[in-house]
Amino acid sequence: MASCSRNSVNPVVFLFLLLLFSCSNSETERSSLKIKNFPERTHDFSLWQLEPFYEEVQMAYILKTDDENIVVIDGGGIISAPILERYLEELGGTVHTWILSHPHLDHIGAFLEILKNDEIQIDQVVHVPLPEDWVQQNEAVNYDLVREYNRTVHASNTQIASMKVGDTLFLGDGVKMNVLGAFNEQIKQNAINNSSLVFTIKSASKSILFLGDLGLQGGKFILKETEPTALKADYVQMAHHGQHGVDKTFYEAVNADYALWPTPKWLWENRADGRDYNTGNFMTFETRLWMEELGIKTNYVSGLDGTVQID
């Protein structure tokens with residue numbers, strides 16, 4: 001074999017190889033979930049809030065129960081699929097329950113890709129089925145996506161659980177899901193978001209309220225129809241990535257200590273099109289102020305903190 005030195009390589013080729021090697025290393029580092037040691041306990045779970053890969057707006061959570069069940073909540077967009085798939089392989093390659101809040105691409109894109117790849121075993125999909133004619137009438141821009149989603153899910157060999165308000169589901173030993181919001185045909189403004197699957201996950205030590213992309217109208221409806229104690233949670237996932245979601249009154253009713261923000265840095269800082277700090281028309285700063293006024297102890301922001309493990 002001929003010897004090879006930097007001086008003997010075409011500079012353009014060398015730069016290409018250097019960039020390729022750097023990207024490969026970065027991707028390798030990113031492919032690890034960086035799991036912390038789990039506490040010695042039972043009847044509980046650990047949760048990962050995943051970083052917004054490539055600064056995409058998305059929502060992605062992985063949950064592991066103490067009896068080894070893996071649960072995914074949404075999963076992010078199509079671009080996140082390879083990374084999420086490696087995380088799931090790292091956790092054993094089986095998703096016991098995949099919960100989908102609503103069929104928008106930044107929530108179901110990775111799921112659809114992973115389902116098609118057929119490398120990860122998905123035992124059960126939990127979702128809120130939306131009638132296609134209702135979507136056509138009220139949010140036609142997403143009709144084709146919803147239609148594709150419905151056909152892909154039903155063509156798979158995965159067990160499907162369609163949820164409605166009041167349903168419960170055990171995700172693992174001592175870990176229970178309670179449904180507070182589902183398909184709401186009465187709300188036709190911001191239709192799909194306002195029919196997000198809204199649910200709590202509770203265990204021996206903590207409770208988390210997931211809101212998906214629930215909007216103002218959906219939040220008001222749930223407040224009116226739900227027992228106040230059912231809304232209480234230690235953690236709350238910020239609706240619609242923390243902007244143009246539910247209002248302050250809703251968060252006040254939840255009375256959480258911690259807020260989970262599936263929010264890239266640019267949205268947290270309200271930067272529109274890469275412009276200056278707080279120059280966009282997003283509602284993030286107003287929502288951040290609400291959390292401060294409501295005494296939130298910690299904001300877990302995916303775009304600032306990266307992937308975090310909550311035990």
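Trainee: Let's take β2. Which of its residues point one way and which the other way, and are they buried or exposed?

Mentor: Ala-60, Ile-62 and Lys-64 point one way from β2, Tyr-61, Leu-63 and Thr-65 point the other way, and all are buried. Keep in mind that this is a predicted model: local features need pLDDT of at least 70, side-chain atom pairs count only at pLDDT 80 or more, and totals for chains, interfaces and linings use all residues. Residues are numbered from 1 along each chain as its sequence is written, and side-chain values use heavy atoms, with hydrogens and water left out.

Buried here is under 20% relative accessible area, exposed is over 50%, and partly exposed lies in between (1.4 Å probe, protein chains only). Strands are DSSP runs of E, at least two residues long, and helices are runs of H or I of at least four, numbered from the N terminus.

Now for the partners of β2. Two strands count as paired if DSSP finds at least two bridges between them. On one pairing, β1 (residues 45–49) runs antiparallel to β2, joined by 5 bridges, and Phe-45 has Thr-65 of β2 as its bridge partner. On another, β2 (residues 60–65) and β3 are also antiparallel, again with 5 bridges. Across that pairing Leu-63 stands opposite Val-71, while Ala-60 stands opposite Asp-74. The hairpin of β2 and β3 has 4 residues between the strands, and there Glu-68 takes a positive phi near 75 degrees.

Move on to β3 itself. 5 of the 5 residues of β3 (residues 70–74) are buried, so the rest of the structure largely encloses this strand. β3 also pairs with β5 (residues 97–99), this time in parallel, through 3 bridges. Val-71 turns up again in that pairing, with Thr-97 of β5 as its bridge partner.

So what surrounds these strands? A nonpolar core is a set of buried Ala, Val, Leu, Ile, Met, Phe, Trp, Tyr and Cys residues joined through side-chain atoms within 4.5 Å. The largest one has 35 residues, and Ile-73, Ile-99, Met-177, Leu-197, Ile-201 and Phe-210 have the most contacts inside it. Strand β10 (residues 175–181) gives the most to this core, with 3 residues. Contact in general means heavy atoms within 4.5 Å. Leaving aside neighbours within four places in sequence, Ile-201 is in contact with several residues, including Phe-45, Leu-63, Ile-73 and Phe-210.

As a general point, nonpolar side chains tend to be buried together in soluble globular proteins.
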